[in-house]
Amino acid sequence: MIKNGTIITASANETGDILIEGGHITVIGSSIPADGTVRTIDAEGMYILPGGVDPHVHMHLPVAGAFSSDDFHTGSRAALSGGTTTLIDFVTPARGESLVAALEKRRRKAGNSLCDYAFHVSPVEWRSTTAEEIMQCVSMGVSSFKVYMAYKDTVGLGDDDLLRVMKTVAKEGGLVTVHCEAGDEIEQIKNRFIAENKTTPEYHALSRPASLEAAAVKRAIDLAAETECPLYIVHLSSAESLNHIREAKSRGQKVYAETCPQYLMLDDSKYRGDFEETAPYVISPPLRKPDDCEALWLALSDGTIDTVGTDHCPFLMPDKRAGINDFRKIPGGAGGVEHRLSLLYTYGYLTKRLNINQMVNLFAANPAKIFGLYPRKGQIMTGSDADLVIWNPEPENIISVKTHRQNCDTNIYEGITVNGNADYVIARGKVIIENGDMVGAPENGKYLFRTICGPPVET
Ligand SMILES: [Zn+2]
């Protein structure tokens, strides 16, 4: 039983009690009676939020001979400490490998996750069996498929193959998520910079201009319109791209967009400095201008952007140093899975860029809705999973590599002050975080079987 908290959902705020039984929320109301055997947490003065759904993480991702430094266990632990109780990661098969086999392998890899989890599956090529494999993945609880317009030499698809994937996924009632950057042009710029001996991390950013994101966003929207496929654009980073999304939404096209805290909080001044200082910020798309950050905040408040995911993908400095003489060899990615709520709360809600319901929507409800997990996840209602955050608005912390939970030797938000703290995090009815610390030995998370329509069921 949680008593006297201010219960915040995407649409309402009310003070009350929440009774949890068997991992679910069973009663919400005022002064719910309970006998003395029920553990009771007094949440007076606290916000009760639905557990976060992070729609974009990469645990233990192989990139150019290295792995992202959080595995499902350490990464999910960091996520929970920051109020996120559900992760959606990716299945990226090798070329020639079946999507189904790759999904099964990835599910085994995620078995030690402490959060509940699901996957987007990436068709990285089009083969005679791909349509059948997509259908099989749908029957295995996958409702979203990720394609890359960049990275043509490894996982990226050309337009013909994108169309085939979109047609198939649309027919199955699924959704395609796209990494939008015009890959061919970026390759050319990168190679030109190296030929000109421009090798530092700054040139990583300069090789991926905002215009090439916007062009890819436009192309993806056009292809999705042609195939009537619902589209979700991941990690949107620039103001220029927003216009295309606004236009598509105003036409009534099913287009959703995500941005990440790094594109809201940080700008390209982080690429000025020596390798050790700048390499942690090598991410794709790169950090943009301060004006882009402001435009993205605005897009969150006016509904142009639907979700905030983290694209959590940290790499240790010894791995980043593979690219000390060639920015192309720096594994791209940064961590942030535990900071999503505190950053949104401090720099979105407290600065009045967002109201608190919008914050919950971006952090939990919308990702759950778009990816077929709602109202089991992302909502506080009778019958929902008891994934809850008891958010203490009072504490002030400074983000630091010394105190963060993720497994990484740098933190891109180092030195940033955040307000509020996830004092308690409850996952499927169990208290996992108490007074900010992990308690006991939590059970492992479960694989979430997703559907686009109707309530998700569990396998
Ligand atoms: Zn990503």
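Trainee: Which residues are buried in α13?
Mentor: In α13, the buried residues are R340, L341, S342, L343, L344, Y345, Y347, G348 and Y349, where buried means that 20 or more other C-beta atoms, placed from the backbone, lie within 10 Å of the residue's own, exposed means 12 or fewer, and partly exposed is in between. That makes 9 of the 10 residues of the helix, which is therefore mostly covered.

Trainee: What kind of model is this, and how are residues numbered?
Mentor: This is a predicted model, in which local features need pLDDT of at least 70 and side-chain atom pairs count only at pLDDT 80 or more, while totals for chains, interfaces and linings use all residues. Residues are numbered from 1 along each chain as its sequence is written.

Trainee: OK, α11 next, which of its residues are buried?
Mentor: They are D292, C293, L296, W297, A299 and L300. Seen down the axis of α11, these buried residues fall within an arc of 160 degrees, so they line one face of the helix, the arc being that of the directions from the helix axis to the C-beta atoms.

Trainee: And what is exposed on the other side?
Mentor: P290 and D291 are exposed on the other side of α11.

Trainee: What covers the buried face?
Mentor: The cover of the buried residues of α11 includes α7 (210-227), α8 (239-250), β14 (255-259), α9 (261-265), α13 (340-349) and α14 (356-370). Contact here means that the C-beta atoms of two residues, placed from the backbone, lie within 7 Å.

Trainee: What happens just after α11?
Mentor: There G303 takes a positive phi of about 90 degrees.

Trainee: Switching to L49, where is it, and why does it count as buried?
Mentor: L49 is placed in strand β5 (residues 47-50), and it counts as buried because it has 27 C-beta neighbours inside 10 Å.

Trainee: What does L49 touch?
Mentor: Leaving out residues up to four places away in sequence, L49 touches I8, G83, V360, V389 and W391. The C-alpha atoms of L49 and F363 are separated by 9.8 Å, although these residues are 314 residues apart along the chain.

Trainee: How much of the whole chain is buried?
Mentor: Buried residues make up 56% of the 459 residues in the protein chain. Among contacts with a separation of 6 or more, 75% come from residues 24 or more positions apart.

How values were computed:
Helix = DSSP H or I, 4+ residues; strand = E, 2+ residues; numbered from the N terminus.
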